[in-house]
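Reader: Could you take me through this protein step by step? I am new to reading structures.

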Amino acid sequence: MNFDPAGRHLLYGTVVSDGAAQHDAVVAVAAGRIAYAGPAAGFSPGPAGFSGVPAMELPPGSLILPGLVDLHCHGAYGGDFPGGEEAAARRAIDFLHRAGTTTLLASLVTASRESLLRGIALHALLSGEGLLAGIHLEGPFLAAARCGAQDPDFLRDPDPELLAELVAAARGTLATMSFAPELPGADALARQLAGHGVVPSLGHTDCDDATAAAALSSAGEALRSGARQPGVPARGTRPTVTHLFNGMPPLHHRAPGPVAACLRSAAAGGAVLELIADGTHLDPAVVATVFALAGAANIALVTDSMAAAGLPDGGYSLGSSAVTVAAGVARLDDGGALAGGTATMLDVVRRTVAAGVPLTDAVRSATAVPAAVLGLGAELGSLRRGFRADAVIVNSGLDLLRVMRSGEWLAALS
């Protein structure tokens, strides 16, 4: 690896970013930021301050992608974010960064008030250190009929006082929250979330088409109104849909449930659809169909990964629930429901491309789109001048070669 004491790097290869592929391109990095990204023919090392900086040698056919962004992640490498154990959480984050997910939310599952507050406190701390981009709460305001791997003992109707307590504990780091729109008080909940800079995410719901459509429209209006509490960070202006198809009724031609409304809203640019394109949660044909119907600009690829990601089959935990992973598929010991994923974001991108989605679209949905949901679309998720220098180097088969985060090369996975 070439070393420059000033932290400058020159990467030559094919850049895949912002829905396009640029061959014979260069990415120049200085002080943790991208100083130039574009055609190599338009780059002059001397005037740009890169005279004498050696180019990193990449294997032929290598691709340079932006750092990947995951909005829905419960852990990895033995670390379970809902478990609230600091050393394990740090281990999971380190693994995920080195696996190419340079930006992620820590997703917490439905639990007791005390467990939620404990988990929020820990992950707010890690967010403050820059290791996480914030927190995603998957519950507790979800539908019992579609709880999936969520603990039904702690599900509850929307509670403004509890939400206020959770938001206060997060100290501005609560980024998204899943909710079932058919529950009493859900409309007010979504407005309360938006007012605190939290993106509402429709999910784990048994609602019908009309309820889903109204909820997404109302949440979008609340986000776009800009009526946030003082000091609240600005995030995206579109609600999201928590892992479309999973945790909701299937689409039926006489009873469409929420899926059709979610697709219509996304196709119109009104919502962002999470897709767990890991080959387990969704059939590849479904993934390709959603991309064709909604467009890459309205899709955020996610992993929903849990503690087993990066490790062999065996017994694990998701919050308070015991999980067994067999052949890479995680299921609850009690009832057998899917209990998160075991893929990394790069695995998901690779499988999305294998489903027939163009690489440029898959990368966009794994970088720029989720970055915009977080309100970070001018900071990361793209390889552009001035952006944080996060990059993932892969070969032509999308196998990982190297990862850069904030201009620093991360240790390779063993």
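**The parallel sheet and its surroundings**

Author: Seven strands form an open sheet with parallel pairing, in the order E10-E11-E12-E13-E14-E15-E16. Strand E10 (106–109) and strand E16 (299–301) are at the edges with a single partner strand each, so one side of each has no neighbour in the sheet. Two strands are said to pair if DSSP finds at least two bridges between them. Helices (H or I, at least four residues) and strands (E, at least two) are DSSP runs, numbered from the N terminus.

Reader: Before we go on, where do the numbers come from?

Author: This is a predicted model, in which local features need pLDDT of at least 70 and side-chain atom pairs count only at pLDDT 80 or more, while totals for chains, interfaces and linings use all residues. Residues are numbered from 1 along each chain as its sequence is written, and side-chain values use heavy atoms, with hydrogens and water left out.

Reader: Thanks. How many bridges join E11 to strand E12?

Author: Four bridges join E11 to strand E12 (residues 174–179), and these strands run parallel. In one of the pairings, Glu138 has Ser178 in E12 as its bridge partner.

Reader: What comes between E11 and helix H3?

Author: A loop lies between strand E11 (135–138) and helix H3 (160–170), and Pro140 is in it. The peptide bond from Gly139 to Pro140 is cis, with omega near 15°.

Reader: Let us change topic. Which sides of strand E5 are covered?

Author: Both faces of strand E5 (residues 63–66) are covered: Leu63 and Leu65 are buried on one side, and Ile64 and Pro66 are buried on the other. Buried means under 20% relative accessible area, exposed over 50%, and partly exposed in between (1.4 Å probe, protein chains only).

Reader: And which strands does E5 pair with?

Author: Strand E1 (residues 9–17) pairs with E5 in the parallel sense over two bridges, and Val15 stands opposite Ile64. With strand E20 (residues 391–394), E5 pairs in the antiparallel sense over four bridges. There, Pro66 stands opposite Ala391.

Reader: Now a helix, please. How many residues does H5 have?

Author: Helix H5 (residues 209–225) has 17 residues. From its first C-alpha to its last, H5 reaches 24 Å, close to the 24 Å expected at 1.5 Å a residue. The expected span is 1.5 Å times one less than the number of residues.

Reader: What covers its buried residues?

Author: The cover includes helix H4 (186–195), strand E13 (199–202), strand E14 (240–241) and helix H6 (259–267). Among the buried residues of H5 are Asp209, Ala212, Leu216 and Leu223. Just after H5, Gly226 takes a positive phi of about 75°.

Reader: Which residues other than glycine have a positive phi?

Author: Asp24 is one of them, with phi near 50°, and His204 is another, with phi near 45°. Asp24 is in strand E2 (residues 20–30), whereas His204 is in the loop between E13 and H5.

Reader: Are those two buried or exposed?

Author: Asp24 is exposed, with a relative accessible area of 64%. His204 is buried, with a relative accessible area of 5%.

Reader: What about Arg91, and what does it touch?

Author: Arg91 is in helix H1 (residues 86–98) and counts as partly exposed because its relative accessibility is 38%. Not counting residues up to four places away in sequence, Arg91 touches Tyr77, Gly78 and Gly79. Contact means heavy atoms within 4.5 Å. The C-alpha atoms of Arg91 and Gly78 are separated by 7.8 Å, although these residues are 13 apart along the chain.

Reader: On to cysteines: how many disulfides are there?

Author: A search of the whole structure finds zero disulfides, a disulfide being a pair of cysteine sulfur atoms within 2.5 Å.

Reader: Finally, what is the overall picture?

Author: The protein has 10 helices and 22 strands, and buried residues make up 56% of its 414 residues. Along the principal axes, its C-alpha trace spans about 65 × 45 × 40 Å.
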